[in-house]
Amino acid sequence: MKIRPKKSTHLKRAIVFLSFGFTILLSSCYGDGIDPDPEVETLISNFAANGAVSVDRQGTIYVSEYGRFVETGGSGTRVFKLSPHGKVLDTITGLSGPMGTAKDSKGNLFINNDNNTVRGQVLKISPNKEREVIASIEGWPSSMAIDYEDNLYISNYTAPTVHKITPDGTVSVYAEDPRLLGGVGIDLDSKGNVIVANFYTATIYSIDKNGEVSLIANIPDIVIQNFGIGYITVINDVIYATGIAVNYIYSVSMDGTIETIAGNGEAAQVDGPLLEASFSNPNGIAANKFRKTLYISEYTGVGGVRKIKL
């Protein structure tokens with residue numbers, strides 16, 4: 001005679017099996033189930049690129065070699081293409097003090113190039129490496145952001161403007177306001193507002209789709225010899241900004257709340273927990289927004305690309 005287990009025994013076995021499987025699933029995905037604290041990591045050191053950073057939709061990183069200001073522009077001549085792990089994949093040469101970069105959905109790379117404080121050029125490099133100047137902008141076009149419709153937005157260091165370039169090449173002034181003079185860092189929030197940071201004043205503004213400018217926040221006590229915010233990036237409507245002269249990384253919410261998230265204030269290249277690590281004049285910053293990872297360039301020291309996985 002076979003003895004069948006009671007239904008309650010079957011239920012207990014099923015619960016144990018499901019619990020065991022769920023535990024294995026969690027362990028396989030997350031190790032011991034404890035997330036390590038975020039740290040600053042040097043992705044690549046002894047690196048010449050010290051300017052703007054951008055990340056394309058595939059997670060590839062572009063870092064500009066701005067160099068140093070000499071007479072009327074930067075001394076750098078290259079933009080480096082890096083894998084997410086810091087391997088140099090390509091070097092774009094023959095440039096003049098390149099600053100902001102952006103890549104569209106068709107694989108075209110755009111670079112703010114050949115600035116002479118009076119005008120700058122927007123250079124387009126196609127996937128087959130053909131080059132074309134698509135715009136000449138008065139002032140000093142500095143950084144750029146791109147939306148999901150491939151519209152470019154360009155900040156300006158010596159003119160109080162933000163320009164827009166559509167995919168068909170139409171160039172227009174998107175916003176003009178005295179507070180935008182000194183604009184470098186630029187990105188977009190989830191509503192399509194353009195976020196601009198003023199290098200001189202360490203003030204961050206939002207520009208709506210009608211071109212109206214409004215204040216988000218001013219990061220106090222970080223401007224030294226007109227060096228305030230280097231660049232910015234936006235993830236989930238939180239702004240991340242580099243304090244280039246004070247060696248800190250900040251987060252700024254859209255309601256103006258400011259927090260120091262990384263750096264100990266010392267000018268050095270030292271990895272470790274966020275507030276114990278150090279930066280050497282952090283400048284460019286961009287994000288892989290899907291992986292919530294920041295990439296930061298350094299303006300002085302040995303040079304490098306630093307990484308923070310939030």
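## Buried and enclosed

A residue is called buried here when its relative accessible area is under 20%. That cut-off opens the tour of this predicted model. Strand β13 covers residues 152-156. Five of its five residues are buried, so strand β13 is largely enclosed by the rest of the structure.

Which way do the side chains of β13 point? Leu152, Ile154 and Asn156 point one way. Tyr153 and Ser155 point the other way. In a regular strand the side chains alternate between the two faces of the sheet. In β13, the residues pointing either way are all buried.

## The neighbours of β13

β13 pairs with strand β12, residues 141-146, in the antiparallel sense. Four bridges join the two. Met144 stands opposite Ile154 of β13. β12 and β13 form a hairpin, with five residues between them. In that turn, Asp150 has a positive phi of about 70°.

β13 also pairs with strand β14, residues 161-165. This pairing is antiparallel too, over three bridges. Leu152 has Ile165 in β14 as its bridge partner. Here again the strands form a hairpin, and four residues lie between β13 and β14.

## The whole protein

How many helices and strands does the protein have? Its secondary structure comes to one helix and 27 strands. The protein has 310 residues, and 51% of them count as buried.

Take the contacts with a separation of 6 or more: residues 24 or more positions apart account for 40% of them.

Strands pair through backbone hydrogen bonds, either parallel or antiparallel.

β18, residues 203-207, runs antiparallel to β19 and is joined to it by five bridges. Ile204 has Ala217 of β19 as its bridge partner.

## Two nonpolar cores

The largest nonpolar core holds 24 residues. Which of them touch the most other members? They are Val40, Ile249, Ala262, Phe279, Ile285, Leu294 and Ile308. Four strands each supply at least two residues of this core: β20 (229-235), β23 (258-262), β25 (282-288) and β26 (293-298). A second, separate core has 16 residues, including Ala197, Ile229, Ile232 and Val234.

## A buried serine

Ser54 is found in strand β2, residues 53-55. Is Ser54 buried or exposed? Its relative accessible area is 10%. The cut-off for buried is under 20%. Ser54 is therefore buried.

What does Ser54 touch? Beyond residues up to four places away in sequence, Ser54 touches Thr60, Ile61, Tyr62, Thr101, Ala102 and Ala286. With Thr101 there is also a polar contact of 2.6 Å between the side chains.

Conventions. Residues numbered from 1 in each chain as written. Predicted model: local features only at pLDDT ≥ 70, side-chain atom pairs only at ≥ 80, totals over all residues. Heavy atoms only, no water. Buried < 20%, exposed > 50% of the residue type's maximum accessible area, 1.4 Å probe, protein only. Contact = heavy atoms within 4.5 Å. Pairing = 2+ DSSP bridges. Polar contact = N/O pair within 3.5 Å; in protein donor to acceptor, adjacent residues only side chain to side chain. Core = buried A, V, L, I, M, F, W, Y, C linked by side-chain atoms within 4.5 Å.
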